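User: I would like to learn how to read a model of this kind, feature by feature. Please give the general idea each time, then the case at hand.

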Amino acid sequence: MSDIAINKPVVAMSGPKGRKPKPLLSPRNIMIYGTLFVAAAYYLLPLYVMVVTSLKGMPEIRLGNIFSPPVEITFEPWVKAWATACTGLNCDGLSRGFWNSVRITIPSVIVSIAIASVNGYALANWRFKGSELFFSILVVGAFIPYQVMIYPIVIVLREMGIYGTLTGLILVHSIFGMPILTLLFRNYFASLPEELFKAARIDGAGFWAIYFRIMLPMSLPIFVVAMILQVTGIWNDFLFGVVFTRPEYYPMTVQLNNIVNSVQGVKEYNVNMAATILTGAVPLIVYFVSGRLFVRGIAAGAVKG
Amino acid sequence: MAGHAKTDRPNQLFRNLNSKIASIPMILTAVVIFLGGTLWTVVYSFTNSKLLPRLNFVGLDQYERLWAAPRWIVSIENLAIYGFFSLIFSLVIGFLLAALMDQKIRFENTFRTIFLYPFALSFIVTGLVWQWILNPEFGVQSVVRSLGWTSFTFDPLYTPSIVIYGILIAALWQGTGLVMCLMLAGLRGIDEDIWKASRVDGIPAWRTYGQIIIPMMRPVFITTLVIIASGIVKVYDLVVAQTSGGPGIASEVPAKYVYDYMFQAQNLGQGFAASTMMLITVAIIIVPWAYLEFGGGRKRV
């Protein structure tokens, strides 16, 4: 169920012709494609509006309507959004948030995947008494609203002396990435043929040797899926960024929100939209590049999450 | 913690030791954070903690205050409206799109890419874009007015009574692609012979969907429902970005109430009580599902 396999396409509706689509302009096709095109337009509209707005100058925005293409294309809003937009605290634009997000995302992705893959491996191949119980707690825990666990974590981090630092936030991301990733890896490792594992055992390989020399090389696709899941998830996070870091470490989403929703100054909608695109760019690029793997990631993460 | 060492076999603890060591992060997370943290919050919700958590029990005081607070009531009402409509609409739209996509259309990949891309964006980005599109001075309202319909009014974000629907529009834009994907996977999982059989019997397609396919996809619907529902309870960033809870308190949601009381109003007890209520809401959704899914015999992978 969790796998979006490319099954044989389902033949539907009327018509005995089977595989080949019927003449392009049948009423049925007009209805289907018409609906799909309207829906597609609706989904694309905000992206279009973002891009168009970010390329206009403020005078043009005040005069025109938000859907019209720019008369005079300017990249100034982009430069401003990146380098000089003000958040109320400082005026060095989104660049600071971008680099913070990079410094948060990369280690978080690596740490969370490292931990979760080993966990999943232990759960799939080296069960011990109670391992399933802990795993069940973990999976059920994925549904608990973060708000319930935030404050205890603040206390734990404060006791460890890393509250407000990037290290603390990275730890938090690793913790909350764990349920879905562990599930992903556990199911994947469990689906590998058991004979491989047994043969390696007979040859005398231990826990880590099997992990590094057999499981890891065989599982690169699932690592990529996990990476896609984590990069977009962590980049898009807002709540943990606000709660667990100090303002100088705010990730891009938080900074974007502070720029756009800051109350002082004249609203510069073009700069706001440029900033919004810049923040959305990383996950969007990941999405467009990864294509099917992204779908597989969310399906695997979602369906049994 | 790990071993459950039996008294008669003292080295039980050390069997499979590497696996246990490797599982320490998972065990700690599960026990300390998920279990411990949740219990901690529930326990402290019965105290009168203000700036710092203190174990000074006051019974159900915090909950009484919570349910007497107009802002909490508004939050709950908003969550109910938002939750109800976003469940209905995302299931209906998601299923319709999936059914259309399942007609052996051309450019299926292109359409899927378009429907799903908002899901890759954060709620902050989503909220800000729709804040701009729904902007009364420049957005949809002004565009329609400039076309000649001067009395046209569509200003959800600044109208308290309908602001939550403005948020709903943005949320549906962001989330229906995922539902479509899950539904499409479900549709693809249905045996082609069923379609053949229903065609041989001359049953119209819409009836095949209504009476055969949808009942067969029950597990997919239930899983999707649980995913959407547990996402709804957590809604926070979207509201912060799109309206900051305004105008006034008209678009407040429980998750925001929790955050504001814990980290801004320095009223921890209220925050804990509110988050416990969120926990209960999720439990009401999850427990029956988990029971159905995992209760009767294990089916795995």
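**Contacts, core and fold**

User: Which residues is B:A98 in contact with, leaving aside its neighbours within four places in sequence?

Analyst: Beyond those neighbours, B:A98 touches B:M180, B:M183, B:L184 and B:L187. Keep in mind that this is a predicted model.

User: How should I read the spacing of such partners along a helix?

Analyst: An α-helix has 3.6 residues a turn, so residues three or four places apart point the same way. The partners listed for B:A98 include B:M180, B:M183 and B:L187.

User: Where does B:A98 stand in the nonpolar core?

Analyst: B:A98 is among the residues with the most contacts inside the largest nonpolar core, which has 162 residues.

User: Is B:M277 buried or exposed?

Analyst: The call rests on a neighbour count, with 20 or more needed for buried. B:M277 has 22 C-beta neighbours inside 10 Å and therefore counts as buried. B:M277 belongs to helix α14 of chain B, residues 268-295.

User: What secondary structure does each chain have?

Analyst: Chain A has 14 helices and 0 strands. Chain B likewise has 14 helices and 0 strands. The radius of gyration of chain B is 24 Å, well over the 19 Å that the globule rule gives for 301 residues, so chain B is more spread out than a compact globule. Along its principal axes, the C-alpha trace of chain B spans about 75 × 55 × 30 Å.

User: How many residues of chain A are in contact with chain B?

Analyst: An interface is read from both sides. Here 84 residues of chain A are in contact with 86 residues of chain B. Helix α1 of chain A, residues 27-54, gives the most to the chain A side, with 11 residues. By type, that side of chain A divides into 59 nonpolar, 23 polar and 2 charged residues.

User: What does the domain assignment say?

Analyst: For chain B, the assignment gives domain 1 as 10-44 and domain 2 as 61-295. The centres of these two domains of chain B, taken over C-alpha atoms, are separated by 34 Å. Where they touch, 4 residues of domain 1 of chain B are in contact with 4 residues of domain 2 of chain B. The domain 1 side of that contact in chain B divides into 2 nonpolar, 2 polar and no charged residues. For chain A, the assignment gives domain 1 as 27-74 and domain 2 as 99-253 + 281-303. The C-alpha centres of these domains of chain A lie 37 Å apart.

User: Which backbone angles deserve a look?

Analyst: One item to check is a positive phi in a residue other than glycine. B:K104 is such a case, with phi near 55°. B:K104 sits in the loop between α4 (70-101) and α5 (108-120) of chain B. With 17 C-beta neighbours inside 10 Å, B:K104 counts as partly exposed. B:S244 also has a positive phi, near 50°. B:S244 lies in the loop between α12 (237-242) and α13 (254-263) of chain B. Its 16 C-beta neighbours inside 10 Å make B:S244 partly exposed.

Conventions: Residues are numbered from 1 along each chain as its sequence is written. Chains are lettered from A and ligands numbered from 1 in the order in which they are written. This is a predicted model: local features need pLDDT of at least 70, side-chain atom pairs count only at pLDDT 80 or more; totals for chains, interfaces and linings use all residues. Helices (H or I, at least four residues) and strands (E, at least two) are DSSP runs, numbered from the N terminus. A residue is buried if 20 or more other C-beta atoms lie within 10 Å of its own, exposed if 12 or fewer, and partly exposed in between; C-beta atoms are placed from the backbone. Two residues are in contact if their C-beta atoms, placed from the backbone, lie within 7 Å. Ala, Val, Leu, Ile, Met, Phe, Trp, Tyr, Cys and Pro count as nonpolar, Asp, Glu, Lys and Arg as charged, and the others, Gly among them, as polar. A nonpolar core is a set of buried Ala, Val, Leu, Ile, Met, Phe, Trp, Tyr and Cys residues joined through C-beta atoms within 7 Å. Domain bounds come from an automatic or database domain assignment. The radius of gyration is taken over C-alpha atoms; the globule rule is 2.2 Å times the number of residues to the power 0.38.
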